[in-house]
Amino acid sequence: MQDKYLKISDLNDYIKSVFDENPYLKKVYLRGEVSNFKNHTRGHLYFTLKDDTSRISAVMFYSSAVSLKFVPEDGMNVLVEGRISCYPAQGTYQIYVDKMEPDGLGNLYIEFEKLKEKLAKEGLFNDDIKKAIPKIPKRIGIITAPTGAAIRDIISTIKRRFPICETILFPALVQGRDAAPDIVKQIKEADSGNYDLDVLIVGRGGGSIEDLWAFNEEIVARAIYEARVPIISAVGHEIDFTIADFVADLRAPTPTGAAEMAVPTVAEINNIINNYEIRLNEFIGNMIHKDKLLLERITGSYILKNPLSLYEIKEQKLDNFIDTLNNNIRKRLENGNLVLKGIKSSYVLKNPMSLFEIKKEKLIFNEKCLYSDIKNIIIKNDHNYKMLINTLKLVNPLGILEKGYSLVTKDNVLIKDCKNLKKDDILNIRLHEGNVIAKVQNINNN
């Protein structure tokens, strides 16, 4: 009898094939809210998409997730594109997401991340360019809305903590389309140098991402970066982060926090002064103690108690120097006298003509040697000359003419064979003495 019962894996595989072959499920577009989001260590994304009444499991593999321009979070509304299929191991169906983008406010997050990445690459967020906030400022500028909780909190905190600090408000729009240009204008005005500011607080109270968006504009970020006055960013609540926070020299979690970072309390100043006073007293006490020990050492010194001993030492050194100098002078004089005596007793000085006679004899001797050398050179060269003449005679082709031979030429060409002649040719015959012009009458080749 055939078994009619299926294995669960076979059923799930069949259901999966039904899903995969359905043309309406191969390309599905969904809008929903992300929940139960999990980013796997291998880069795959697992989450649930839900609306008011239903939900569906979703998975986005690394090959697709790597191209995302944002990081999904629980509660974020998204638009997804993918296919519906069954996961046989658990018997559940789910959407395999190929593309995903934020829905609504998500576009602002994308713009935020793009600008953040751009400015970070340019170095606007680097810690090494951030300016230090003065510990005890005299005058603080505030750029925010002229009304609202932010300006009240900032001013009241500064007055409570450090009432001698002066504050100057630069009123600006902090929300809406015209807010960013207005904030930039006020930053440049505050940084113009006309107000002698030590610190500048730029910010506003909390709100939605659209409300805070002016502080995510690139022109505001660059104005903060280019400012010479140190700037504290105080935008929204502690959980809110804007581009202005990353560019500013210091980020405060709230406007009240910015005021607390900008000024110390009177108690802190008193503690600083007390610490300085204690350290100064200790320093002065140490200086007095060291100088006292030095004074005791000086007053108890042998020189101060016996001042003549210093003079006696110097006198003794002077005597030693004088004795040394006299000894050197005496030795120099003795050496000079010895040299002088040697000169006076010399034979040349007593018989100056002897020097002349010696030079004269040497000159006569050199003259004889020179004549002898010249004569030898002439004889040698004459002998060499004659030998060369004889050698030239031996190799001279014309020398053989003395023995009765002659040279016969025709048109200046030497005749060696009768084959080169014909009757009536004119020949030039060179003899030992003179030339003969002849005409060929007969030719005998034998």
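Select Gly-141 first. Gly-141 stands opposite Ile-168 in strand 7. Strands here are DSSP E runs of at least two residues, helices are H or I runs of at least four, and both are numbered from the N terminus. This is a predicted model, in which local features need pLDDT of at least 70 and side-chain atom pairs count only at pLDDT 80 or more, while totals for chains, interfaces and linings use all residues. Residues are numbered from 1 along each chain as its sequence is written, and side-chain values use heavy atoms, with hydrogens and water left out.

**Stop 1**

Show strand 6 (139-144) and strand 7 (166-171). Six bridges join strand 6 to strand 7, and the two run parallel. Two strands count as paired if DSSP finds at least two bridges between them. Strands of a sheet pair through backbone hydrogen bonds, either parallel or antiparallel.

Now widen the view. Five strands make an open sheet, ordered 7-6-8-9-10, with parallel pairing. At the edges are strand 7 and strand 10 (250-251), each pairing on one side only.

Stay on strand 6. Five of its six residues are buried, so strand 6 is largely enclosed by the rest of the structure. Buried means under 20% relative accessible area, exposed over 50%, and partly exposed in between, with a 1.4 Å probe and protein chains only.

Next, select residues 199-204 and 231-235. These are strand 8 and strand 9, parallel and joined by five bridges. Pick out Gly-203: it stands opposite Ala-234 in strand 9.

**Stop 2: helix 8 on the sheet**

Which strands does helix 8 touch? Select residues 255-262 to see. Helix 8 packs on the sheet and touches strand 6, strand 8, strand 9 and strand 10. Contact means heavy atoms within 4.5 Å. The direction of helix 8 makes about 160° with that of strand 9. Axes are lines fitted to C-alpha atoms, for helices over the stretch in contact, and angles run from 0 to 180 degrees between N-to-C directions.

Colour the buried residues of helix 8: Pro-255, Gly-257, Ala-258, Ala-259 and Ala-262. Their cover includes strand 6, helix 4 (149-161), strand 8 and strand 9.

**Stop 3: helix 5 against helix 6**

Two packed helices are described by the angle between their axes and the distance between the axes. Select helix 5 (residues 179-190) and helix 6. Their axes come within 9 Å and cross at roughly 10°. That makes helix 5 roughly parallel to helix 6. The cut-offs are under 35 degrees for roughly parallel, over 145 for roughly antiparallel and 65 to 115 for roughly perpendicular, with the rest oblique.

Show the side chains. From helix 5 come Ala-180, Pro-181, Ile-183, Val-184 and Ile-187, which meet Ile-219, Val-220, Ala-223 and Ile-224 in helix 6. By class, this contact has nine nonpolar, no polar and no charged residues. Ala, Val, Leu, Ile, Met, Phe, Trp, Tyr, Cys and Pro count as nonpolar, Asp, Glu, Lys and Arg as charged, and the others, Gly among them, as polar.

**Stop 4: salt bridges**

How many salt bridges does the whole structure hold? A search finds 15. Each is a side-chain nitrogen of Lys or Arg within 4 Å of a carboxyl oxygen of Asp or Glu.

Go to Lys-121 and Glu-117. Their side chains meet in a salt bridge at 3.5 Å, N to O. Both lie in helix 3 (residues 106-122), four residues apart, about one turn of the helix. Lys-121 is exposed, at 68% relative accessible area. Glu-117 is partly exposed, at 48%.

Move to Glu-122 and Arg-222, bridged at 2.9 Å, N to O. This pair links distant parts of the chain: Glu-122 in helix 3 and Arg-222 in helix 6 (residues 218-226), 100 residues apart. Glu-122 is partly exposed at 41%, and so is Arg-222 at 25%.

Jump to Lys-422. It forms a salt bridge with Asp-425, the closest N and O atoms being 3.3 Å apart. Asp-425 is buried, at 6% relative accessibility.

**Stop 5: positive phi**

Most residues other than glycine have a negative phi, and most peptide bonds are trans. Select Asp-424, with phi near 75°, a positive value in a residue other than glycine. Asp-424 lies in the loop between strand 12 (413-414) and strand 13 (426-430). It is partly exposed, at 41%.

Finish at Asn-36, in strand 1. Asn-36 has a positive phi of about 55° although it is not a glycine. It is exposed, at 53%.
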